[in-house]
Amino acid sequence: MKKLFGALLTWLLVSQSAMAELQIMVTGGVDSGRPVAVPQFKSAGALPEDVANVISSDLMRSGKFSPLARTQMPQSPSSSAEVNYPVWGNMGIEALVVGHVEAAGGDQYKVSFELLDVAKGKAGDGVLTAGSSVVPAKKLRQFAHRISDIVYEKLTGERGAFLTRISYVSFFPGTQYPYHLMVADYDGYNESVLLRSPQPLMSPSWSPDGRKLAYVSFEKRTPAIYVQGIYDRSRTLVASYPGINGAPEWSPDGSKLAVVLSKDGQPNIYVLDVASHQLTRVTNDRSIDTEPSWGPDGRSIYFTSERGGKPQIYRVDLGSGQAQRVTWDGEMNLGASVSPDGKSLVMVNRTGGQYRIARQDLESGAMVILTQSSLDESPSVAPNGSMIIYSTIYQGRKGLALVSADGRFRANLPSTSGEVRAPSWSPFLN
């Protein structure tokens, strides 16, 4: 599951996987989302990117919006002056995103947009916000995500997370370096290879500043934890103790890593100071403790443990060292991530032999099952808490999928070849 509980029993998760390219296939709709529309942005000629389609897709994946299909739109306005507000209002549309794209010379484009409130527009002033920027052709998609973030924040009051990235592990069998550590936009576009390895790679984890990844490598036939720069490609070995070195997870301030080590016997949770390499043992139990995840305040760590019989999620207070069980529903719960607001846990829940992504409210203990597949694992939460990326099996192959935090929207991101797993969502990026 997130760093897969069973993998620490064997040190190895050979089925980590491959990809050449991700494709988005919507598998669950958002009929109950807020109705919005994003007409095609006007341009004098063909564009390298359909900006409006990117924005519409972003809003739909959040689970909070239900964008109107382009074929159902009553008109195609490119500015507020062209909008017939009563027509859109009669269709129940709450907000419009309109815009146009102009060639600016030298492979550059000027993108202009307006976010319109339909109800206010009928009264005479519907512009909620507007903006424009000149961007290179290769950055059109990135700027579309930026517009999505602006729209999302204006309409919900929460920061958007569309201009973020994900990391994952891919596997290309039969090659000299079959294991690849990949980085891509959150929706699978613009992927690049950060590292190639002849042996398995596992458990990528983003630093809070979005500039480094911690991960596990088996390149020396035994597990070791490395930290690698996203941009400068620097690489540092931070943990290579006898036995298991696994499941690295950055502290909220970026100064420490929670890790799983078995150097003193059974796998337990430790905290590693990245600068000094000083180790502090957090759990000391005869059972297996693994898959650490920090609380947002950095004062506690959630982890998976079998100390109660079957794997469940526990929380340890770093001040007192006291641990308590926090999950009770289902046969087992594994691989938890804490939501950015600290109010809920996202995890893998097994009930009736089915592994599915679930979300539990930490105050009430109420749990909601978010996915419907039989083997979902490795959930990673967007930095605004609105979406979750995870591994699943789609059409008989391992791939990635997205689900909104309320479960109303689901989409698969299968690869065109091979399989993919171990996704990790980046923090907000500047």
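Which residue takes a positive phi just after α5? I found that Gly157 does, with a phi of about 80°. A reminder to myself before going on: this is a predicted model.

**Entry: helix α5**

I looked at the helix itself next. Helix α5 covers residues 140-156, 17 residues, and at 1.5 Å a residue it should span 24 Å. I compared that with its end C-alpha atoms, which are 24 Å apart, so the expectation and the model agree.

Then I asked which residues of α5 are buried. My list reads Leu140, Arg141, Phe143, Ala144, His145, Ile147, Ser148, Asp149, Val151, Tyr152 and Leu155. As a general point, an α-helix has 3.6 residues a turn, so residues three or four places apart point the same way.

**Entry: aromatic contacts**

How many aromatic pairs does the structure hold? I have 7 in my notes. One of them joins Tyr152 and Phe162, edge-to-face, at 5.7 Å centre to centre with 85° between the planes. Tyr152 belongs to helix α5 and Phe162 to the loop between α5 and β8 (165-171), so this pair ties together parts that are 10 residues apart in sequence. Tyr152 counts as buried because its relative accessibility is 0%, and Phe162 counts as buried because its value is 1%.

Phe162 also pairs with Tyr186, and I logged this pair as tilted: 5.9 Å centre to centre, 55° between the planes. Here the link is between distant parts of the chain, 24 residues apart, with Tyr186 in the loop between β9 (179-185) and β10 (192-197). Tyr186 is buried as well, at a relative accessible area of 0%.

Putting the rings together, I get one aromatic cluster made of Phe65, Tyr152, Phe162, Tyr186 and Trp425.

**Entry: charges over rings**

I checked for charged ends over ring faces. Arg159 lies over the face of Phe428, 3.9 Å from the ring centre. Arg325 has its charged end over the ring of Trp328, also with 3.9 Å to the centre.

**Entry: pockets**

How much space lies in the largest pocket? I wrote down about 710 Å³. Its lining has 32 residues, and those nearest the centre are Trp206, Glu249, Val338, Val381 and Trp425.

I then looked up which strands supply the lining. At least two residues each come from β11 (201-206), β15 (245-250), β19 (289-294), β23 (332-338), β27 (377-381) and β31 (420-425). By class I have 18 nonpolar, 11 polar and 3 charged residues in this lining.

The second largest pocket holds about 400 Å³. It is lined by 18 residues, with Gln142, Arg165, Tyr231, Leu429 and Asn430 nearest its centre. Its lining divides into 6 nonpolar, 6 polar and 6 charged residues.

**Entry: positive phi in strands**

Last, I went back to backbone angles, this time in residues other than glycine. Ser203 has a positive phi, near 55°, and its place is in strand β11. Ser203 is buried, with a relative accessible area of 5%.

Glu291 gave me a positive phi near 50°, and I found this residue in strand β19. Is Glu291 buried or exposed? Glu291 is buried, because its relative accessible area is 0% and the cut-off for buried is under 20%.

Technical notes. Residues numbered from 1 in each chain as written. Predicted model: local features only at pLDDT ≥ 70, side-chain atom pairs only at ≥ 80, totals over all residues. Heavy atoms only, no water. Helix = DSSP H or I, 4+ residues; strand = E, 2+ residues; numbered from the N terminus. Expected span 1.5 Å × (residues − 1). Buried < 20%, exposed > 50% of the residue type's maximum accessible area, 1.4 Å probe, protein only. 1 Å grid on protein atoms, 1.4 Å probe; cavity = no way out; pocket = protein on both sides within 12 Å on 5 of 7 lines; lining within 4 Å. Points joined across faces, edges and corners; volume = space filled by probe spheres on them. Nonpolar A, V, L, I, M, F, W, Y, C, P; charged D, E, K, R; others polar. Phe/Tyr/Trp six-rings, centres within 6.5 Å; stacked < 30°, edge-to-face > 60°. Lys NZ or Arg CZ within 6 Å of the ring centre and 35° of its normal.
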